[in-house]
Amino acid sequence: MTKISVALCTYNGEKFIREQIDSILDQSLKVDEIVVCDDGSTDQTKNILAEYEQKFPNIFKIHLNEKNLRSVKNFEKAISICTGEIIFLSDQDDLWEKDKVKIFANFFENNKNIDVVCSNGFIIDENSVQKKHYTVWDVPKFLSESKKEINYFKIFATIGNFATGASMAIRKSFTNQVLPFPTVEGLHHDEWIALVSAEQKKFAFLNDKLFSYRIHSEQQVGGICYSKDEASKKKLISRFDYDKKTEIFRDFKIKLRTLNDKERKFSAYLEKDFNENAKRFLKEVQNEKNALYQKLKSEHFILFLFFKYFYR
C-alpha cells in the first residue's frame, strides 16, 4: 500500500483546527501520518494538537517551531519531514470531502507520469456554510467547455496561479525538484510547485470538488471567489485564456502589469540565489513580454511608446 502523509501547518488556528483534523481522520482511505508544524501559536492550538497526538500517537507528529517561519518556510519544513510516498498539503481551517484522499491516491496510481495534483473545491464561511461562488478552480473546466487550450505552464508562468496549496498533493520523490522554496515576496510555495511540475508536464488538475476552502477575516491569502453569474464566468475565461488576442488598451495594460510582476518575482529570486528553474521561468516571461511589445509596435505604435517608456 502507498503510504500517505499530510503536511499540516498551524498558527493560532484554535477556531477551526478540530474541524479540519477530523475531516482528515474521517477519510474513506485513511492517511498514515499527519505531520504538523506549528509556527508559534499563542492560543489553544498547541493544546488541541497535543490532545490529538495523545489520542492518535501513531499518526500525529507534532513539531513546534522555535521561531516563526511564516507560511512558505513552514510548509517547506512540514513537507521535508513527511515520510509518505504521497504528501497532501493542508491548511488549518479548511474541510476535506470524505473521498479526497482516495480519489487523489487512485489518480496517482493510474498516472505514474504525474507528480503534482490539485483539485476544484467549495467555498465555506466562518460557520462552515457552503457559499455559491465561481472560483479560480473552475477555470480548467470553463476553458475546456469553451474549447480553449489549457497549457498549465504558460498560464502559471505568464498569467496567474489557480493551483492552490490547500488542494494540492505531491509525490515525495518530486520534492527535491521544488525544495527549498523561494523566499520572494508574492511568490508562494503552491505557485512554485505548480510552475516546476507544469513545465515538466507532471501537473494535473481534477475538476472534482474535494475540499472546502474557508473564507474569513484572518486568512493570509484570498481573492479566489467570484459571483456565480455569466459575467464572472466570461471574466475568468478571458483572464486565463492564454491565446486571447490583446486588442484594446485595457488588455495590454493587464497583460503587461502581470508580466512585470512575474518578471519582478523571478528576477528577485535570481538576485538572491541562482536557480535553473527560475532562470527558465524568467526567460519565458521576458519572451512573452517582448512578443507583446512587438505586437504593440506593429499595430498600435502610440500605445507601444506609452507602455515602453511610461508604464512599468
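**Working notes on a predicted model**

Me: OK, which residue does D261 form a salt bridge with?
Reply: The partner is K265, with the closest N and O atoms 3.6 Å apart; a salt bridge here is a side-chain nitrogen of Lys or Arg within 4 Å of a carboxyl oxygen of Asp or Glu. (Helices are DSSP runs of H or I with at least four residues, strands are runs of E with at least two, and both are numbered from the N terminus.) K265 counts as buried because its relative accessible area is 7%. Salt bridges with shared partners also join D261 and K265 to E191, K262 and R264 in one network.

Me: How many salt bridges are there in the whole structure?
Reply: The search of the whole structure finds 21. One of them pairs the side chains of K255 and E288, at 3.7 Å from N to O. Since K255 lies in helix α9 and E288 in helix α10, that pair ties together parts that are 33 residues apart in sequence. Both of these residues are buried.

Me: And K233, which side chain does that one meet?
Reply: The side chain of K233 meets that of E145 in a salt bridge, at 3.5 Å from N to O. This pair links distant parts of the chain, with K233 in helix α8 (residues 230–240) and E145 in helix α5 (residues 139–145), 88 residues apart. K233 is buried, with a relative accessible area of 19%, whereas E145 is partly exposed at 44%.

Me: Switching topic, where is Q27?
Reply: Q27 is placed in the loop between α1 (17–25) and β2 (33–38), and it counts as buried because its relative accessibility is 1%. The Q27 side chain reaches the backbone nitrogen of V101 at 2.9 Å. Setting aside residues up to four places away in sequence, Q27 touches W96, E97, K98, D99, K100 and V101, a contact being heavy atoms within 4.5 Å.

Me: What about S90, buried or exposed?
Reply: S90 is buried, since its relative accessible area is 1%, and its place is in strand β4 (residues 86–90). The S90 side chain makes a polar contact with the side chain of Q20 at 3.0 Å. (A polar contact is a pair of N or O atoms within 3.5 Å; within protein, one must be able to donate a hydrogen and the other to accept it, and residues adjacent in sequence count only if both atoms are side-chain atoms.) The residues that S90 touches, not counting those up to four places away in sequence, include V6, L8, I24, F75 and W96.

Me: Which residues form the nonpolar patch on the surface?
Reply: F301, I302, L305 and Y309 form it, with about 440 Å² of accessible area together, computed by the Shrake-Rupley method with a 1.4 Å probe, and for residues only the protein chains shown count as cover. Patches are made of residues with over 30% relative accessible area and no salt bridge, like charges being joined within 9 Å and nonpolar side chains (Val, Leu, Ile, Met, Phe, Trp, Tyr) within 5 Å. I302 is placed in helix α11 (residues 301–310) and counts as exposed because its relative accessibility is 67%.

Me: Last one: how many helices and strands does the protein have?
Reply: There are 11 helices and 11 strands, and the C-alpha atoms fill a box of roughly 70 × 45 × 40 Å along the principal axes. Of the 312 residues, 51% count as buried. Among contacts in the protein with a separation of 6 or more, 80% come from residues 24 or more positions apart.

Definitions and conventions
Residues are numbered from 1 along each chain as its sequence is written. Side-chain values use heavy atoms; hydrogens and water are left out. Buried means under 20% relative accessible area, exposed over 50%, partly exposed in between (1.4 Å probe, protein chains only).
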